[in-house]
Amino acid sequence: MTDTFVIVGGDAAGMSAASKAKRDDPDLEVIVFEKGEWVSYGACGLPYYVKGEIQSLEALVSVTPEEFREERDIDLRTGHEVVAVDPDDRTVTAEHESGDVVQSYDHLLLATGAEAVVPPIDGTDREGVYTLGSMSDGKELREYIARARDGESLQQADRGPACRYLENCTGPVGVVGGGYIGLEMAEALAANGFEVNLFQRGDQVLTGFSEATSEEVVAHLREQDVVVYLESEVLALEGGETGEDGNGTVEAVVTADERVDVEMVLLGTGVRPRTALAEDAGIELGPTGAVATDAYRETNAPDIYAAGDCAEATHTVTGDPVYVPLALTANRHGRAVGQTVTGTPTEGGTVAGTAAVKAFDVEAARTGIVDHDEAREAGFDPVSETITAKSRAGYYPEGGEVTITLTADRDSARVLGASLVSEYGEGAVHRSHAIVGALEEGTTVFELENYDLAYAPPFNSTWDPVLVAAKVLAGTLR
């Protein structure tokens, strides 16, 4: 009899594992349970769908359910929510409208993903308060924008006094959180005529990036008429009590210092791993709160693996467990599990926390460890330098500047991380890739300053900004 590989979750990690396993062993029975109707979709594209740059949700789907079933011979069961895992009997139980299903497995992958965090403040259950963690969330936000543009706002109020900065204001809205989703949604909402008020609890947006990167991004947001409130913890979302459920519609964001009128609020305060299914089955969580695994993504329960946004990973620089819910990590680790269960044990690989974001006309990237407190906790003595250099040859008629904060360990000179920012298209994101390579190889700053990076006037200056940053930091260390 052939083995059965059961997967819980039909997005990046789950479908990567399913596809790779079926490709490597066509005789393997692969069954995927997905509680929703959407699979293998690019959630990172949702802000651009809400903005209107992407016209349909279907455009975000990489492979349709029909293609998985008919072309890849994967038994994909949408509308099935797995509610229990029994490691002793080696079964999972799934609920479906037609009745419960009990399915046995030889190998099991938990790819249950993450869910949007709803902060513990009053009023998050009001009408007009949204998160962006799923395709249905994106659909609801797009529909809200369509109503507002047609003059059918939730409040049906005169927006004139509330729209302080824009001539043709669709309405004032609040974005809570200055991370990736917060910034991308600030752009999406502003592009649709909303006056955007962005609230960040800390003193900088993009936590994990450098202070220099944050300052440049904030300055650009304000140039785009986004009202940025730093060190402004949201205490409540206030509104009327007229809704059918008694909660009413959101009307204001309240902080310790401000009460800002809004017609809608987007909560972009991060995500947390979905671990309830694993915990109920006795599967251990790690120090980050996500599912703990070994290098092959196997949990403490034999033949049960975890990958994607529900699971921990290992940091490239520190070797410690980290929680980095990003698309490449999910795809890469899912693919590795697919190889492992078909007889080729494959490690998922470490992660450096490499990430990028676009906010209007700027781009920013980060990788490794930039924060000095975090570096010290990992046993390093961090030193950083920040430089600004030309993105292309100085005589070339186009181009801008790239600002890089590069961090290294004082004793070993090992590169620990970097944060980069530039105008959109001037290469902050692509330049981060050289630093990722340095992190993977344990490169020193002295070695990095001698990297043979490409040069041609339309693309670069003779001394790439990465090399400039390395030279300056190497000088400090010397």
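Mentor: Glu231 is found in the loop between strand S12 (227-229) and strand S13 (234-239); helices (H or I, at least four residues) and strands (E, at least two) are DSSP runs, numbered from the N terminus. This is a predicted model, where local features need pLDDT of at least 70 and side-chain atom pairs count only at pLDDT 80 or more, while totals for chains, interfaces and linings use all residues. Residues are numbered from 1 along each chain as its sequence is written, and side-chain values use heavy atoms, with hydrogens and water left out.

Trainee: Is Glu231 buried or exposed?
Mentor: Glu231 counts as exposed, at 59% relative accessibility. Buried means under 20% relative accessible area, exposed over 50%, and partly exposed in between (1.4 Å probe, protein chains only).

Trainee: What is the phi of Glu231?
Mentor: Near 50 degrees, which is positive in a residue other than glycine. Most residues other than glycine have a negative phi.

Trainee: And what about Leu206?
Mentor: Leu206 is not a glycine, yet has a positive phi of about 55 degrees. Leu206 sits in the loop between strand S11 (194-199) and helix H6 (211-223). At 2% relative accessibility, Leu206 is buried.

Trainee: New topic. Which residues touch the most other members of the largest nonpolar core?
Mentor: Leu189, Val217 and Leu221, in a core of 40 residues. A nonpolar core is a set of buried Ala, Val, Leu, Ile, Met, Phe, Trp, Tyr and Cys residues joined through side-chain atoms within 4.5 Å.

Trainee: What is Leu221 in contact with?
Mentor: Leaving aside neighbours within four places in sequence, the contacts of Leu221 (heavy atoms within 4.5 Å) include Leu183, Val226 and Phe360. There is also a second, separate core of 31 residues, with Ala389 and Leu416 among them.

Trainee: Last one. Where does Gln339 lie?
Mentor: In helix H8 (residues 327-341). Gln339 counts as buried at 18% relative accessibility. Apart from neighbours within four places in sequence, Gln339 is in contact with Lys20, Asp24, Thr344 and Thr346.
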